[in-house]
Amino acid sequence: MDLEKRPQQQPAPPSGRTGGPVPPTQPVPPAQPQAEGCLAVAIRIPVRIVVLVLVVPVRLLWDALAVSGRFVHRTLLRPVGRALAAGLTWLFKAVFVWPWVALWRYVLAPVGAALVWLGRTLVVVPAVWLYRTVLTPVGHGIARTARGIGAGIAWLGRVLFVIPAEWLHRVVLAPVGHGIARLARAIGAGVALTGRGIGAALVWLGRTLVVVPAVWLYRTVLTPVGHGIAWTARGIGAGIAWLARGVWTVVTTLLRRIFVVPAVALWRWVLAPVGRALAVVAREVGDAFGHAWRIAGHLSRAVGRFLGTLLRWIFVEPVRWAYRTVLTPVGHVLRDALWRPAAEAARSVGRTARLAVASARDGVRRARADLRRMLLGGPGKAVPVAGGPGAPAAVPVARREPDTPEPRNLEKNPGSAVSPPGRG
């Protein structure tokens, strides 16, 4: 018994080849959804309830593991992986890249450049000089000498060999060759005429003795005998074919009755209904699992939001309230009442200390300059020293302490990029 109703087959419309009128084409109506069987309706609700009870804990556990995995990956595995990758990259560069780069940059490249310069100086430059000044003139002279010797040998060979050979060919060999060629053509014509006569005689003799008897034997003896043998073979083949068709019909009928009919009955009345029932059960179980998984996802999301809200109200909101209402005002008070005055006082003390140190340094410099001036005298006049041709005279600078009371600092040097002392 079929569990689903099959649509009745519509008869095919008559084609235009029968000569009748062709009816107009009607639009095909959309397929109507088939009604579900009683088995699907009966097993759907219990299966969905059982599957939902089994799937909800699994979905909750799966969502919890997924959230934990994302947290561990974001907070632990990714930083550790990045640090490990950076460390391995640095180690690889330190072990394999940097030593070879240093070897190439500081050893091989300078040594190669020195070797190239040495080879160019010791080999290339002398070789080029030798080629330009010695080998090229010598080669040119040898080439000119060889061309002269070749021209003389060519003229001598032409006079001694080519001209006599041309005269011998024109006067002696050509007339003799022409006579021999005419004699050979006459002999060849006679031989060809004799061969054609002998060939015609042999052809007539072979046709009379071989071809005519063979044709008579084929027409009068072999052809009737072959026709009789062919007719007998066709009759025997027809009888054997008729007998084989009868045997094949009997054997196929027996095999169909013994194997095919029971197999078709088993498939039609047992296997097909059982298979359709199992397919309906499997489809419903699969739909139930999908429906239960989606419902479990909604439940898991609701549970997760509830737990997140609970944790936020238990831990986050109190901490936020304490930070906003307690710690922030206290921090502002501490910053305005203690930290800023202490910082201003520390900066004032630092400025005072730097000014005192700068004043002491200036006093020490002045005292040293006065002591040096009293012991060694003032700075002498600059004596110009004659330089090279076209060069201006250099004025030596006395290496002494300045006579001015101002201390030396880096502010007096406009080209210096270093900040003066005492400015932190």
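The protein chain averages a pLDDT of 79, and 79% of the residues score at least 70; pLDDT is the predictor's confidence in each residue, from 0 to 100. This is a predicted model, in which local features need pLDDT of at least 70 and side-chain atom pairs count only at pLDDT 80 or more, while totals for chains, interfaces and linings use all residues. Residues are numbered from 1 along each chain as its sequence is written, and side-chain values use heavy atoms, with hydrogens and water left out.

Two stretches call for caution. Over residues 1–24 the pLDDT is below 50. This stretch has twelve contacts in the model beyond near neighbours in sequence, a contact being heavy atoms within 4.5 Å. Residues 409–424 also stay under 50 in pLDDT. For them the model has eight contacts beyond four places in sequence. Where pLDDT is low, the predicted coordinates should not be read in detail.

Now turn to the charged side chains. A search of the whole structure finds six salt bridges. The term means a side-chain nitrogen of Lys or Arg within 4 Å of a carboxyl oxygen of Asp or Glu.

Start with glutamate 317 and arginine 320. Their side chains meet in a salt bridge, 3.5 Å from N to O. Both residues sit in helix α1, which covers residues 38–376. Helices here are DSSP runs (H or I, at least four residues), and strands are runs of E of at least two, numbered from the N terminus. The two partners are three residues apart, so about one helical turn separates them. Arginine 320 is partly exposed, at 37% relative accessible area. Glutamate 317 is partly exposed too, at 22%. On this scale buried means under 20% relative accessible area, exposed means over 50%, and partly exposed lies in between (1.4 Å probe, protein chains only).

Further along helix α1, aspartate 336 pairs with arginine 340. Their closest N and O atoms are 3.4 Å apart. The spacing is four residues, about one turn of the helix. Aspartate 336 has a relative accessible area of 42% and is partly exposed. Arginine 340, at 47%, also counts as partly exposed.

Glutamate 344 and arginine 347 form another salt bridge, with the closest N and O atoms 2.4 Å apart. They lie three residues apart in helix α1, again about one turn. Both are partly exposed: glutamate 344 at 42%, arginine 347 at 41%. Salt bridges that share partners also build a network, joining Arg335, Asp336 and Arg340.
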